[in-house]
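The sequence and the structure come first.

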Amino acid sequence: MVDKVILAEKFAQFSDTYSPKIVGAVNDSLVKVVKLKGDFVWHHHETEDEMFLVMRGRLTMHFRDRSVEIMPGEFIIVPRGVEHMPTADEETEVVLIEPATVLNTGNVVNECTVAELERI
């Protein structure tokens with residue numbers, strides 16, 4: 001059976017930040033929702049690109065040479081191998097589309113790493 005996904009309902013199911021939840025799958029990629037607030041960690045992904053679609057709030061994607069602000073209805077694709085750090089001054093709701101192999105902290109393993117994702 002095919003059902004639609006209501007993103008507002010998915011975001012309402014959790015309050016933790018920087019802990020992506022799986023809401024769907026497309027071929028070898030996962031569709032995830034995540035709430036961001038504060039600074040994440042500098043990291044990169046060796047073999048995977050990541051897409052960040054802002055639904056609510058404002059995301060700043062820091063790169064070593066510049067920063068890019070992403071507003072609701074906008075997205076950014078971070079190419080594999082590019083070091084980056086997401087930051088959100090206020091709670092920000094983001095949809096991620098990325099290969100199933102992506103570890104949220106990429107090449108860094110620390111207390112922010114989420115190895116097993118919850119499906120909601």
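How many salt bridges does the structure hold? The structure holds eight salt bridges, a salt bridge being a side-chain nitrogen of Lys or Arg within 4 Å of a carboxyl oxygen of Asp or Glu.

The model is predicted: local features need pLDDT of at least 70 and side-chain atom pairs count only at pLDDT 80 or more, while totals for chains, interfaces and linings use all residues. Residues are numbered from 1 along each chain as its sequence is written, and side-chain values use heavy atoms, with hydrogens and water left out.

**Fold and surface**

The protein chain has one helix and eight strands, in the order α-β-β-β-β-β-β-β-β from the N terminus. These elements are DSSP runs numbered from the N terminus (helices: H or I, at least four residues; strands: E, at least two). Of the 120 residues, 45% count as buried; buried means under 20% relative accessible area, exposed over 50%, and partly exposed in between (1.4 Å probe, protein chains only). Among contacts (heavy atoms within 4.5 Å) with a separation of 6 or more, 65% involve residues 24 or more positions apart. The accessible surface of the chain is about 6700 Å², and carbon and sulfur atoms contribute 51% of that surface. Areas come from the Shrake-Rupley method with a 1.4 Å probe, and for residues only the protein chains shown count as cover.

**Salt bridges**

Side chains of opposite charge can pair when their charged atoms come close.

| Pair | N to O distance |
|---|---|
| Arg-80 and Asp-49 | 3.1 Å |
| Glu-91 and Arg-56 | 2.8 Å |
| Arg-64 and Glu-83 | 2.9 Å |

Arg-80 forms a salt bridge with Asp-49. Arg-80 sits in the loop between strand 6 (75-78) and strand 7 (84-99), and Asp-49 in the loop between strand 2 (29-39) and strand 3 (50-56), 31 residues apart. Arg-80 is partly exposed at 47% relative accessible area, as is Asp-49 at 28%.

Glu-91 and Arg-56 also form a salt bridge. Glu-91 is in strand 7 and Arg-56 in strand 3, so this pair ties together parts 35 residues apart in sequence. Glu-91 is partly exposed at 28%, and Arg-56 is partly exposed at 37%. A network of salt bridges links Arg-56, Glu-91 and Glu-93.

Arg-64 meets Glu-83 in a salt bridge. Arg-64 lies in the loop between strand 4 (59-63) and strand 5 (66-70), and Glu-83 in the loop between strand 6 and strand 7, so the pair ties together parts 19 residues apart in sequence. Arg-64 counts as exposed at 56% relative accessibility, whereas Glu-83 is partly exposed at 30%.
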